[in-house]
Amino acid sequence: MGDVRQLILDEAHSSQYFIRPGARKYIKMRGLYWWKVHLVFHVSMLKRYVHDDNHMIQLEDVEIDENLTYEKNSIAILDRKVRLLSAVLSKDEFEALKKSPVFLSAYKDRPVEAHTTHTPEFLKLNPTYGLWPASGFGQDVIIGVLDSSVWPESASFRDDGLSAIPKKWKGICKPGIEFNSSLCNRKLIGANYFNKGLLASDPTIILSMNSARDMRGHGTHVASIAPGSFVEGVSYFGYAPGTARGIAPRARIAVCKFSFEEGTVTSNLIAAMDQAVADGVDIQLSYGWGSMPLYEDSVAIASFGAMMKGVLVTASAGNNGPGMGTISNGVPWIFTVASGGINRSFSGTLTLGNGLKITGFSLFPVRTTIKDFVLVKNGSLSTCDSADDYAQVPNAARSIMICYSTAQEDLSVSDQMGVISEAKVGGALYVYGDPDVLASKFFPNPGVVISSKDWEKVTKYADNSAKPKVSISFQETRIAVKPAPVVSAFSSRGPSLSYLRVAKPDIIAPGKGRIYSRSCGFADPTTPTVI
């Protein structure tokens with residue numbers, strides 16, 4: 001039994017932040033070393049050990065049942081950098097652990113929520129002189145992206161023109177399903193994935209993509225925001241054409257996948273953060289919670305440990321705005337970024353039969369022009385809430401309906417678009433009362449979203465014309481739109497609920513209407529970018 005004795009002592013004394021029981025406490029702790037798979041808990045911020053000679057014992061003094069056998073289970077001790085312990089405990093084992101004099105707090109594992117071509121010009125960054133080239137375009141900075149990983153074949157992760165991998169990099173490129181180490185390069189220098197917490201929470205789960213390949217898309221677009229490489233000739237179905245690139249196109253990327261199609265849990269996130277710190281990267285995170293006590297916020301606790309190691313943790317503010325106090329990741333040691341709009345918009349232009357031109361928001365993805373369609377204004381149909389009602393519209397396929405509603409009254413604009421598509425009407429003009437609709441890319445049919453002021457002009461023309469007509473052109477990109485910058489309506493606001501005197505978020509950055517890379521796990525791989 002010498003091996004068991006040595007194992008206990010090695011595991012108890014090998015870590016700077018672990019439980020170091022005395023000789024008598026080994027009997028109490030023995031049951032905690034071989035536990036069954038049950039609920040997952042995080043045991044946070046175990047107290048630092050203070051040396052005491054009375055705690056020293058000899059191997060031969062440790063009494064262990066000679067008939068004892070053991071099976072070593074995979075337990076993640078997350079104290080190397082972030083000072084957390086993630087363990088799988090039964091309720092009885094958890095109650096026993098709570099009686100330990102070094103126990104501080106614990107809480108159940110929980111799900112975490114996902115929050116993410118013209119930007120350099122909008123930010124007045126010049127590639128030839130000034131701040132941008134002086135920064136080296138992020139040369140050899142290693143950004144650790146904790147998310148659903150990446151689609152490695154994306155052009156945003158090419159390594160053209162990059163030098164050798166920085167020597168400070170300590171991580172790996174871990175192979176898995178449909179992902180081998182050859183997919184890493186001098187740009188995507190590392191890839192890892194963390195699934196033990198999710199599998200422990202539900203042993204029946206079978207991961208469809210148990211590797212660092214992204215099948216959700218969120219991680220791929222997040223990873224391309226800051227360090228994305230130069231990609232020429234991209235657009236979103238003709239909108240925003242140009243060269244896509246991140247603000248730090250010479251930076252390196254190391255991805256840590258903790259979010260899977262089957263679920264996203266905190267224990268995997270903390271394991272990924274711990275490994276990222278050990279690998280020597282700065283951390284970019286677009287996940288978090290809403291309102292939660294600080295002492296239960298694993299991201300806040302883990303990022304504090306990362307900060308103590310000199311690692312910058314950058315995280316999104318969240319998408320629960322515009323209410324006050326809705327911010328996530330609002331602790332002082334996280335650099336919190338809110339989403340803002342830029343001075344670019346995507347539009348369609350409608351031309352009424354009287355020659356009046358009106359520009360509205362549109363992302364209808366087809367290169368087409370609506371020419372002299374019938375403009376239909378019908379009071380009973382104006383809410384656009386039932387596809388059955390449009391059977392009475394003559395020549396509906398060549399008609400443009402006027403739909404008036406807001407997100408607060410009747411249906412949202414997206415719901416109206418769904419009804420128009422189901423009714424097989426030629427298209428529609430929508431009136432918006434909720435600015436969030438301007439971030440939607442759901443345009444199943446030809447359509448333009450116009451303001452209430454422009455709606456009055458359209459209805460006046462329709463009321464005064466015997467045969468009202470309308471033409472619409474699409475795939476238009478406008479620059480110098482004002483006001484800009486402006487905080488996105490969906491972006492979460494401060495103050496931080498952990499302490500109301502903490503002013504958060506720290507900064508806004510372009511996060512609406514941008515071109516990002518995308519995962520091809522659910523899309524046509526011939527189109528490398530998407531908004």
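Predicted model: local features only at pLDDT ≥ 70, side-chain atom pairs only at ≥ 80, totals over all residues.

Begin with the cysteines. A disulfide is a covalent bond between the sulfur atoms of two cysteines. How many disulfides does a search of the whole structure find? The search finds 2.

**Stop 1: Cys 173 and Cys 184**

Select Cys 173 and Cys 184 and show their side chains. The two residues form a disulfide, with 2.0 Å between their sulfur atoms. Look along the S-S bond: the torsion about it is about 80°, so this disulfide is right-handed. Now colour strand E5 (142-147) and strand E6 (188-193). Cys 173 and Cys 184 each lie in the loop between E5 and E6, so the bond ties together parts that are 11 residues apart in sequence.

**Stop 2: Cys 384 and Cys 403**

Next, select Cys 384 and Cys 403. A disulfide joins them, with an S to S distance of 1.9 Å. Is this link right-handed or left-handed? The angle about the S-S bond of Cys 384 and Cys 403 is -90°, and the link is left-handed.

With bonded cysteines counted along the chain, the disulfides of the protein follow the pattern 1-2, 3-4.

**Stop 3: Cys 256**

Select Cys 256. Its relative accessible area is 4%; because buried means under 20%, Cys 256 is buried.

**Stop 4: helix H11**

Finally, select residues 452-464, which make up helix H11. At 1.5 Å a residue, its 13 residues should span 18 Å. Use the distance tool on the end C-alpha atoms of H11: they are 19 Å apart, which agrees.

Which residues of H11 are buried? They are Asp 454, Val 458, Thr 459, Tyr 461 and Ala 462. Turn the view to look down the axis of H11: the buried residues fall within an arc of 160°, so they line one face of the helix. An α-helix has 3.6 residues a turn, so residues three or four places apart point the same way. On the other side of H11, select Lys 453, Glu 456, Lys 460, Asp 463 and Asn 464, which are exposed.

Terms used. Residues numbered from 1 in each chain as written. Heavy atoms only, no water. Disulfide = S-S within 2.5 Å. Helix = DSSP H or I, 4+ residues; strand = E, 2+ residues; numbered from the N terminus. Buried < 20%, exposed > 50% of the residue type's maximum accessible area, 1.4 Å probe, protein only. Expected span 1.5 Å × (residues − 1). Arc of directions from axis to C-beta.
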